[in-house]
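Me: I have a structure open and want to talk it through. Can we keep it quick?

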Amino acid sequence: ATGSESTLRQRSTVPKHTPPTDSNTAATEDAPKKVIKSVFTSAEKTNSLIALAGLTALAIVSRFYKINEPDEVVFDEVHFGKFASYYLRGSYFFDVHPPLAKMMLAAMGYFIGYDGHFLFDNIGDKYNDNNVPYIGLRALPAFLGAMTVPLVYMTMREAGFPILTCALAAFFVIFDNMLVTQTRLILLDSMLVFFMMCSIYSYVRFYKTRNNPFSLKWWSWMIATGISIALTTSVKMVGLFTVATIGVAVIWDLWELLDIRRRLTMQQFMNHFYARAIGLILIPVVVYLFWFYVHFAILINSGPGDDFMSTEFQETLKGNTMADGIYVKYGDNITIRHKDTSVYLHSHAHNYPLRYDDGRISSAGQQVTGYSHEDPNNLWQIYSDNVENTKIGNQVKDKDVIRLLHVATSSWLLAHDVASPTMTTNEEITTYSTNEDGSRFNETTFQIILESGGDKLRTMASNFKLLHQSTKVAIWTHSQKLPDWGFEQQEVNGNKNLVQKSNLWLSDNIEGKNASEIDQESSKAVKTRSFILKFLELQGKMISHNAGLTDSHPYQSSPIEWPFLVRGISFWTENETRKQIYLIGNPLGMWIAVASLAVIIGVSGADLLSRRRGFYPLNQDVQKRFYYATGFFFIGWIFHYIPFFLMGRALFLHHYMPALVFSYMVLAAVHGFIFIEGVDGPISDPGPETRPRQLQRAIVPVIAYATGIILMAIHLGSFLFFAPLSYGTSAPSVAGLARRKFLPQWDYHFAK
Amino acid sequence: MRNGHSSAVDQTGVPVYRGSQAARGSSLNNNNSTATDSRQSLDESREHHNHSKAVHSNDNEDNSRFTKFKSRRSLPWYQSRELQIVGAITLLSLIVRLWAIDYPTSVVFDEVHFGGFASKYIKNRFFMDVHPPLAKMLIALTGWLFGLNPSFDFKEIGLDYIEPKVPYVPMRLMCGIMGVAVVPMAFYTVRNSGHSIHAATLAALLVLFENSLVTQSRLILLDSPLILFTAFTALAWVNFHNQRKNAFSDDWFIWLFLTGVGLGLSGSVKWVGLFIIATIGTSTINQLWDLWGDLKVSPRSWLNHFIARAVCLIVVPVAVYMLMFEIHFLILHNGGDGDGFMSAPFQMTLGHSLQDSPLSVAYGASVSIRHQGTKGGYLHSHASVYETGSKQQQITLYPHKDTNNDWIIQKKDGTVPEGLEYIQHGDVIRLMHITTNKRLHSHEHKPPMTEDENHFEVSGYGFKDFAGDANDEWRVEIVENNDEESGKFLHTLNSKFKLVHTNMNCDLFSHKVKLPKWAFEQQEVTCMRSAVLAKTTWVIESNIHADYPEDAPKVNYKKPGFLGKFLELNKVMWETNAGLLDSHPYDSRPSSWPLLKRGISFWGREQKHIYLVGNPVTWFMSTAAIVIYVAIRGLLFLRDKRGYNDDFNGLREYYELSGGFFFVAWAFHYFPFFLMDRQLFLHHYLPALYFAILLFSVTFDVACRFIPSRARLVALVLIASIAIYSFRVRAPLTYGSEWTRSECEASKVLTTWDYDCNQYPDNYAQYVSNAAAKTAAVESTTNAEEPAANVDSFERDTEPQEQQAVSEGEGVVDAVGAGAAVAAAAAVAEPVGEDAQITDPAEAKMAQDGEIEPTFDFEVPVEDDEVSENEKNDA
């Protein structure tokens with residue numbers, strides 16, 4: 001077999017292809033009718049173990065090599081180091097990722113005696129100067145990054161690939177520059193990829209026990225799969241891609257079980273279904289929630305994340321500002337602040353211009369604006385709409401109808417059906433002097449709707465909307481500044497979209513209330529809130545913030561660039577020594593991997609088309625292995641890559657890491673498909689109803705070893721060539737950098 | 001396509017097994033020859049049924065079908081029941097859809113845009129729109145034929161058509177008639193898919209009495225051409241499919257070709273037309289896959305199938321689409337308000353011209369420098385200062401030619417060498433602004449708009465004979481070059497370069513951020529560290545130096561050919577389309593469409609209102625048909641796996657084939673919207689609705705197989721009557737006609753329909769009295785209304801005159817003095833103010849409705865014209 005074409009042709013003769021045998025397996029061959037326990041001989045198992053040990057050692061060396069360098073904060077260590085510190089302090093923070101990996105880092109810090117005093121504020125901050133045990137912190141991701149390698153090896157092995165193929169996959173994973181750089185720093189991706197591989201490994205093991213359903217082994221591996229996908233998702237939401245990969249495989253499996261030819265009754269099928277629902281849905285959900293429970297249990301103090309959460313949530317944190325809130329009574333002079341833009345509702349003795357620049361006409365009434373500084377003009381006195389019963393001194397309740405008097409100019413806040421200064425769709429807000437007649441009374445009444453913080457208006461704690469009674473608009477402001485005539489303050493107008501989140505205001509101060517009054521009124525006690533409510537709120541915020549990360553970043557890239565490694569990310573630079581860490585994959589390895597993905601598509605396409613025409617080019621076992629094992633890894637690649645195209649947020653090259661691991665597995669499998677004759681089989685555990693099957697052995701010809709070694713050599717060479725940029729331990733010369741610039745978009749520092 | 005059963009469904013609705021195909025064929029023939037009218041219609045439907053069902057290609061059968069087909073055609077037309085029905089329905093739809101099409105007599109909703117584009121076509125002025133040109137050109141053609149005066153610009157909703165004698169009725173009729181044509185298309189699509197006349201009639205009636213389709217096709221909008229071409233494509237494809245037994249026959253080719261033309265036309269109206277392309281594409285792949293699996297089809301013959309489809313369904317549509325753009329470019333050969341969207345070479349084809357400039361750039365040359373990353377124009381300065389930061393002179397980007405764009409290149413020390421010394425890559429230079437004698441300068445100040453820490457202010461600094469300082473120094477780094485020479489030396493046009501500020505190591509940068517009014521809303525220029533390369537590249541566009549030799553090599557933009565222009569315009573359209581992210585009061589998300597949660601307010605005046613909302617009966621029935629289809633297919637899919645073979649005597653295949661096609665079409669016209677971030681509207685669902693209605697009629701037909709034929713007619717009449725009644729109830733919103741408050745309240749099926757019933761009077765008599773009162777009021781206050789009219793008139797004027805008018809107006813107010821001004825303002829404002837109270841909100845609402853689709857900044861260039869005025873004043 002010299003090339004894919006000829007092997008394909010040989011395989012097309014299905015019946016002629018007798019299972020090739022090996023001298024070692026002669027004994028087993030003699031009794032083909034017996035159920036075969038394992039396809040591998042003991043010698044082979046020993047060889048496999050040796051290979052595994054060697055690769056693991058290489059992996060550990062590659063990840064831990066000079067892990068103490070640089071002793072500075074690198075790239076996103078800024079975030080994840082900081083979060084670990086917050087865990088150790090117990091102060092509440094907010095992040096878009098689920099808590100597990102960050103808690104693992106914090107736990108690591110706890111065990112090595114780090115107290116969370118350092119906040120990792122800037123890239124380049126010195127660890128040694130600040131007495132941070134960063135080597136210990138980095139050791140955790142580095143260790144898990146290294147452990148990914150044996151997992152890859154064992155997964156391939158369990159999927160029935162020969163040692164050469166498995167070693168090839170593991171070798172490519174070890175010596176990929178991106179995997180090395182990303183896993184030896186205080187980042188989350190190492191945990192993500194580790195748990196992801198755990199999931200895939202467990203699932204393969206689970207699938208192999210399918211002939212003994214509901215056995216202990218079957219249950220164990222299924223639950224292991226469930227727990228692993230939960231752990232993956234608890235690291236980053238990207239773990240959902242792993243869930244999808246496993247999910248598709250499970251659904252496919254169930255679909256096959258449903259087939260009438262499998263002779264399962266509906267009852268038996270439903271048992272299969274319920275078992276998977278428990279093991280792969282229920283248990284993972286519980287595990288996922290558990291980490292959030294721990295998260296809330298650790299973070300009990302008020303911290304930098306308070307402002308992201310609702311007031312009810314903040315009240316559960318020690319030392320929160322909500323506790324200072326006091327109840328507002330009719331007749332109080334309050335300030336009203338916009339929740340999103342933090343400006344005060346403001347008015348002053350200046351009027352809107354009669355005609356705007358675009359020719360529209362205004363009411364020329366007094367301006368109402370949003371002003372960001374404290375000012376007596378921010379004070380509003382709160383009145384009831386009921387003129388007879390003024391309710392002065394009563395507390396303001398939810399859904400009360402109120403009027404707001406601007407204290408400094410003694411005029412009523414008013415909304416009416418005139419277009420606002422900058423938005424023709426929204427209503428103008430103005431005021432109306434108390435000296436005039438009461439004919440516009442109806443335009444000055446607003447309903448106060450509390451969105452949070454109980455049913456009575458309380459400073460700090462209550463977020464509310466002000467709904468204009470007669471025209472149904474909500475008072476709203478946005479960051480649009482008014483022109484000169486409005487002193488460049490923010491425009492305030494009436495928003496017809498009543499449900500918009502930015503309609504919320506809060507009252508942050510009551511004029512003249514002194515501290516003793518506050519002490520009397522407010523209870524400082526920390527409140528409790530049910531876990532599930534806290535979880536749902538945090539999860540919602542995480543999703544919406546994640547989607548909101550649309551700001552562009554100089555090193556962001558689009559998913560289409562990733563497999564081809566169009567651009568890297570500058571992680572860290574040091575000006576004096578001209579050292580730098582530049583995140584980039586192993587270019588040659590990645591390009592070969594992309595080519596192998598193309599081979600998969602080509603071969604499966606050709607196979608489908610020829611089978612449709614009645615030709616069966618692949619031996620049945622080879623074909624089955626090709627679709628079920630290689631195809632599964634390919635699906636893994638698809639699911640960990642394609643969904644990124646649908647995301648609007650800023651994306652980075654390192655988001656490709658999980659997919660990259662799959663692509664290396666596919667690469668090795670494709671190498672085996674081309675150069676190795678036949679497959680080892682059967683590999684699944686036999687069950688009580690399994691018909692005896694003939695043992696099959698793969699023939700690994702010399703050319704397979706030769707090409708495998710050439711591939712490894714190319715990969716290793718390419719790795720070593722780029723290693724200075726990946727480890728940041730030595731500074732290549734300008735010429736050296738220029739040589740490493742395979743593509744013009746690789747924008748290294750110090751290249752000139 | 002499936003190799004199926006020789007079963008069929010009897011006309012009586014009882015599914016029966018047929019014996020030999022041949023016997024059936026002959027019996028049909030016999031029946032036909034003696035057909036009475038009613039018998040004949042039954043036979044026709046049976047024939048059709050067989051037509052779609054018949055699968056085993058059997059000469060005998062084919063023959064019989066063929067004769068049958070011919071005989072049907074050879075009947076005198078007035079005897080054909082089918083034709084009579086279609087004729088009647090079409091006539092009805094002419095009446096229903098074109099009724100009172102001349103009302104309202106003013107600009108409604110997006111007529112603002114599409115009418116406006118027609119004016120621009122007639123003026124041959126280039127404009128930019130996110131939609132391909134076909135439908136707009138048709139509208140323009142109609143307008144031109146009927147004498148549209150291009151000075152009428154459809155500027156805002158509610159603008160009167162009558163007085164400027166706008167031929168709006170023919171323009172609306174053009175769209176309206178296209179809407180009418182959809183009705184017979186629906187009939188034939190269902191009929192030719194092998195369904196009964198009942199089902200076809202029902203489909204046509206439901207399409208006809210669909211309020212949203214009626215509303216949308218009565219106005220100058222793109223949707224009725226889009227739906228027509230989409231429907232036509234589907235019909236042509238169904239006809240093509242029916243010819244599958246006669247592969248490569250004339251009819252086969254004709255319908256395949258027409259499908260391709262239909263695809264091209266749909267795509268040339270709106271990009272939503274791509275969805276029908278996806279539908280047909282999927283269907284084609286399915287056909288080819290089946291053919292590939294059919295071992296009787298030789299590979300060679302399969303290849304012929306493939307090539308025929310590739311040519312007709314890919315080459316033809318692309319050719320049609322490009323042809324439309326070619327016509328578009330031929331018509332719009334003058335510059336217009338769309339120029340600012342296009343690159344400099346593109347603009348060269350729009351009547352702008354640039355003199356050839358010497359290639360090499362020497363110190364002392366006077367140059368203009370164009371920004372490459374945005375279409376913002378030239379590096380510009382003028383004698384006004386920043387009101388923030390350093391308060392030094394402003395540096396901006398300005399899109400038009402102006403002497404303020406000219407800079408002199410000096411050496412690092414601020415001098416100009418004797419003789420010609422050419423600038424090389426890496427040279428450090430200074431740039432002197434010629435008209436104000438300031439140098440391009442940057443320093444550690446915050447720029448006026450951008451808050452980012454990587455940005456620094458760029459200003460003009462210095463005065464005549466000032467030696468300058470180190471912050472005036474910029475290094476030229478050539479980043480992209482056409483040939484080797486232009487990589488070493490700075491060449492006009494050929495070298496794209498960065499200007500790096502040597503002191504702060506930041507790059508001269510610009511982005512699409514407008515400066516405030518005090519800087520005439522021109523584009524901000526900053527110096528940015530680690531910026532995206534594209535936004536820091538510049539190119540020298542004109543290059544003048546007294547010492548250049550006469551014979552110096554010259555260079556100019558290469559005018560793009562058709563293909564270049566075509567690609568660039570499509571790219572800009574794509575980017576603009578994706579950028580339509582603003583929210584609109586009536587926008588909606590796709591998830592709300594199938595349930596018709598909310599409509600769109602189009603127009604309102606004089607207690608009449610046009611509000612786009614569907615016929616809820618039709619709408620909900622069509623959605624139900626989708627749900628039923630999915631449920632049944634899903635159930636059968638699972639049952640198949642469990643070994644049940646339900647084929648309901650062939651009924652299943654019948655449902656899955658034609659129903660499946662309409663379902664796929666619906667899905668392709670609906671789900672892709674979920675991927676779009678841009679603002680979306682209810683009317684985007686209309687093509688999907690069309691297919692959902694067809695699916696409903698198929699469902700109806702299948703359901704009818706279980707009831708006797710007489711009951712079938714009753715069911716048809718019943719469903720149609722309910723739909724028509726429902727249409728009638730909401731017709732006043734469709735036609736903008738008179739209504740009462742109580743009727744309006746009663747018409748609201750969902751509480752989320754937000755048309756305001758309070759605007760209607762309690763009874764019809766009030767319309768008469770209100771009109772009378774109004775006339776009286778107008779007569780009594782003619783004088784008072786005059787100022788308002790004035791305001792209107794100068795709002796409508798454009799360009800420099802407007803500037804003048806405004807400044808004159810201001811002058812007058814100033815002259816009156818403060819106290820008097822207030823009085824005067826009050827006097828003038830009263831009537832206007834009243835107006836603002838009553839009609840302004842409506843107008844305001846409408847104006848913003850006008851922003852609905854693509855109102856990106858058409859005004860940009862106009863404003864810039866104002867700016868140039870301003871600047872001249874300033875200077």
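Me: Which residues have the most contacts inside the largest nonpolar core?

Reply: Phe571(A) and Phe633(A). That core has 160 residues. Keep in mind that this is a predicted model.

Me: Which helix gives the largest share of this core?

Reply: Helix H19 of chain A, residues 657-675. H19 supplies 15 residues.

Me: And what is Phe633(A) in contact with, leaving aside its neighbours within four places in sequence?

Reply: Thr155(A), Met156(A), Ala159(A), Phe161(A) and Ile200(A) are on the list.

Me: Which residues does the second, separate core include?

Reply: Ile693(B), Trp739(B), Tyr755(B) and Tyr760(B) are among them. The second core has 154 residues.

Me: Back to chain A. Where is Phe632(A) found?

Reply: In helix H18, residues 620-641.

Me: Buried or exposed?

Reply: Phe632(A) is buried, at a relative accessible area of 11%. Beyond four places in sequence, Phe632(A) touches Ile200(A), Tyr203(A), Val204(A), Thr245(A), Ala249(A) and Tyr627(A).

Me: New topic, H4(A). How many residues does helix H4 have, and how far does it reach?

Reply: Helix H4 of chain A covers residues 77-89, which is 13 residues. From first C-alpha to last it reaches 18 Å, close to the 18 Å expected.

Me: Why call H4(A) largely enclosed?

Reply: Because ten of its 13 residues are buried. They include Phe80(A), Phe83(A), Tyr86(A) and Tyr87(A). Glu77(A) and Lys82(A) are buried too.

Me: What covers the buried residues of H4(A)?

Reply: The cover includes helices H5 (100-111), H6 (127-130), H7 (134-158) and H13 (266-298) of chain A.

Me: What follows H4(A)?

Reply: Gly90(A), with a positive phi near 75 degrees.

Me: Over to H20(B). Where is the kink?

Reply: At Val729(B), shortly before the proline Pro732(B). The kink is about 50 degrees.

Me: How far apart are the end C-alpha atoms of helix H20?

Reply: They are 37 Å apart. The 27 residues, 709-735 of chain B, should span 39 Å, so the two values agree. Just after H20(B), Gly736(B) has a positive phi of about 65 degrees.

Me: Aromatics next. How many aromatic pairs over all chains?

Reply: The count is 108. One of them is Phe171(A) with Phe175(A), a tilted pair. Their centres are 4.9 Å apart, with 55 degrees between the planes. Phe171(A) is buried at 10% relative accessibility, and Phe175(A) is buried at 8%.

Me: What kind of pair do Phe194(A) and Phe195(A) form?

Reply: Edge-to-face, at 5.6 Å centre to centre and 65 degrees between the planes. Phe194(A) is buried, with a relative accessible area of 15%. Phe195(A) is buried as well, at 9%.

Me: Which residues form the aromatic cluster in chain B?

Reply: Among them are Phe275(B), Trp593(B), Trp619(B), Tyr629(B) and Tyr685(B).

Me: Last one, annotation. Where does UniProt place "domain: MIR" in chain A?

Reply: The unreviewed entry gives residues 325-385, 393-452 and 454-510. Residues 393-452 are 0% helix and 48% strand, with end C-alpha atoms 22 Å apart. For residues 454-510 the values are 0% helix, 46% strand and 18 Å.

Me: Which residues of chain B does that annotation cover?

Reply: Residues 358-412, 420-479 and 487-543, again from an unreviewed UniProt entry. Residues 358-412 are 0% helix and 47% strand.

Terms used: Residues are numbered from 1 along each chain as its sequence is written. Chains are lettered from A and ligands numbered from 1 in the order in which they are written. This is a predicted model: local features need pLDDT of at least 70, side-chain atom pairs count only at pLDDT 80 or more; totals for chains, interfaces and linings use all residues. Side-chain values use heavy atoms; hydrogens and water are left out. UniProt positions are given in the numbering used here, feature names are shortened, and annotations may be inferred rather than shown by experiment. Helices (H or I, at least four residues) and strands (E, at least two) are DSSP runs, numbered from the N terminus. A nonpolar core is a set of buried Ala, Val, Leu, Ile, Met, Phe, Trp, Tyr and Cys residues joined through side-chain atoms within 4.5 Å. Buried means under 20% relative accessible area, exposed over 50%, partly exposed in between (1.4 Å probe, protein chains only). Contact means heavy atoms within 4.5 Å. The expected span of a helix is 1.5 Å times one less than its number of residues. The bend at a residue is the angle between axes fitted to the seven residues ending there and the seven starting there. Rings of Phe, Tyr and Trp (its six-membered ring) pair if their centres lie within 6.5 Å; planes under 30 degrees apart count as stacked, over 60 as edge-to-face and the rest as tilted.
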